[in-house]
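Dear colleague,

Please find below the structure I am handing over to you, together with its sequence. My notes on what was found follow it.

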Amino acid sequence: MPQYTELKSIPVLMDEYRNAVRDVLPVVGTKHVAKDNPTTAFEVKGVQVNPKHLAEYTSATGLRLGNELPLTYPYVLSFPLVMKILTAKDSPLNAVGLVHLTNKIEQTRPLTVDDVLDIRVHAENLRPHTKGVLLDLVTVVSVAGEDVWTQTSSFLSKGAKLSSSSPLKDQQPTDGRIIEPIAFDEYEDTMTATFRVTPADIKVYADASGDKNPIHVSGAGAKAFGFPSVIAHGMWTAAAMLRPLEGVLPSAARYSVEFAKPVTLPASVALFTYAAGDQAYPNPSEWKLQARKSSKLGTLHASATIEKL
């Protein structure tokens, strides 16, 4: 079971990135063994939203600035705690090189600027994946003792294997999918928007989110990890996909995203939205979304669903 350590404040994300880099250095690094779920967990109580930071985030993602927090905003508040768990000594995976494969957010009501947030994060569900090892990081945001916002982020360590001593080693490998695949011909007539994104745009998001991972802000850093140029953050894409639907999203919702090919910058992204479920537009019980490369629609960046809870 996770053992929560209460911190006085949210850590500085770049400090946790430096810890992640140190972990892979000879002698001083920590050897992480994919044996079992870590028990290390963290919580921070009494977090208050900084309106200036919220404004920077909404400007960077194109989402509305208002009293209600965008569905994806608590991700950037809590991500430093995720990284702190991934760099803890009992983390089963090295944080460097992890791939954010899927993300699922469930909220029972919108959070607001005035809410005082308690945030806790733990890891669970270590399991074999067809391409490595998968681990879930679970974030819960509560207000006055009520769990309002829950997120499960799945991270893949490509090429990793479970330890021979792991009690989980005999599990069947998963493909990690959380969305039923849908043929593109169901979407091709539902293009909702296109948007242009440049390295300068993503630098603004990096500043707002605090996530200045070199693959997002440095051409040399991106090439070191096998990318031709800097790439957009996956959660920038997840946020940007919500732009055309603000105003019609259900207040209690589940937002599930599967990331495919990264958005290599500069790029034009085409967004497709499809109203599904048992109610008609503008209030369907489910939305299905895809983000694709505008100049080559066969290239999928992300698939998503939004379900009314």
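**Findings**

Asn125 has a relative accessible area of 35% and is partly exposed. The model is a predicted one, and Asn125 lies in its strand S4. The backbone of Asn125 deserves a look, as its phi is positive, about 60°, although the residue is not a glycine. Ala144 likewise is not a glycine and has a positive phi, of about 50°. That residue is placed in the loop between strand S5 (132-143) and S6. Ala144 counts as exposed because its relative accessible area is 79%. The peptide bond that runs from Leu265 to Pro266 is cis, with omega near -5°. Pro266 sits in the loop between strand S8 (253-259) and strand S9 (267-276).

**Salt bridges**

Across the whole structure, the search finds 11 salt bridges. One of them pairs Arg18 with Asp15, with 2.5 Å between the closest N and O atoms. Both residues belong to helix H1 (residues 13-23), where they are 3 residues apart, about one turn of the helix. Arg18 is exposed, at a relative accessible area of 52%, while Asp15 is partly exposed at 34%.

A salt bridge also joins Arg109 to Asp115, and here the closest N and O atoms are 3.1 Å apart. Arg109 has 25% relative accessibility and is therefore classed as partly exposed. Asp115 has 12% relative accessibility, so it counts as buried, the limit for that class being under 20%.

A further salt bridge brings together the side chains of Asp147 and Arg120, at 3.1 Å from N to O. This pair links distant parts of the chain, with Asp147 in strand S6 (residues 146-158) and Arg120 in strand S4 (residues 116-129), 27 residues apart. Asp147 counts as partly exposed, with 38% relative accessibility, and Arg120 is also partly exposed, with 23%.

**Surface patches**

Which residues gather in a patch of positive charge on the surface? They are Lys131, Lys158, Lys261, Lys293 and Lys296. Lys296 belongs to strand S11 (residues 296-308). With a relative accessible area of 52%, Lys296 is exposed.

There is also a nonpolar patch on the surface, formed by Val21, Val24, Leu25, Val27, Val28, Val96 and Phe225. Together these residues have about 650 Å² of accessible area. Val21 is located in helix H1, and with a relative accessible area of 47% it is partly exposed.

**A buried threonine**

Thr61 is part of helix H2 (residues 51-61). Its relative accessibility is 0%, and Thr61 therefore counts as buried. The side chain of Thr61 reaches the backbone nitrogen of Leu63, at a distance of 3.5 Å.

With kind regards

Key:
Residues are numbered from 1 along each chain as its sequence is written. This is a predicted model: local features need pLDDT of at least 70, side-chain atom pairs count only at pLDDT 80 or more; totals for chains, interfaces and linings use all residues. Side-chain values use heavy atoms; hydrogens and water are left out. Patches are made of residues with over 30% relative accessible area and no salt bridge: like charges are joined within 9 Å, nonpolar side chains (Val, Leu, Ile, Met, Phe, Trp, Tyr) within 5 Å. Accessible areas come from the Shrake-Rupley method with a 1.4 Å probe; for residues, only the protein chains shown count as cover. A salt bridge is a side-chain nitrogen of Lys or Arg within 4 Å of a carboxyl oxygen of Asp or Glu. Lys and Arg count as positive and Asp and Glu as negative; His and the chain ends are not counted. The place of a charge is taken as NZ of Lys, CZ of Arg, CG of Asp or CD of Glu. Helices (H or I, at least four residues) and strands (E, at least two) are DSSP runs, numbered from the N terminus. Buried means under 20% relative accessible area, exposed over 50%, partly exposed in between (1.4 Å probe, protein chains only). A polar contact is a pair of N or O atoms within 3.5 Å; within protein, one must be able to donate a hydrogen and the other to accept it, and residues adjacent in sequence count only if both atoms are side-chain atoms.
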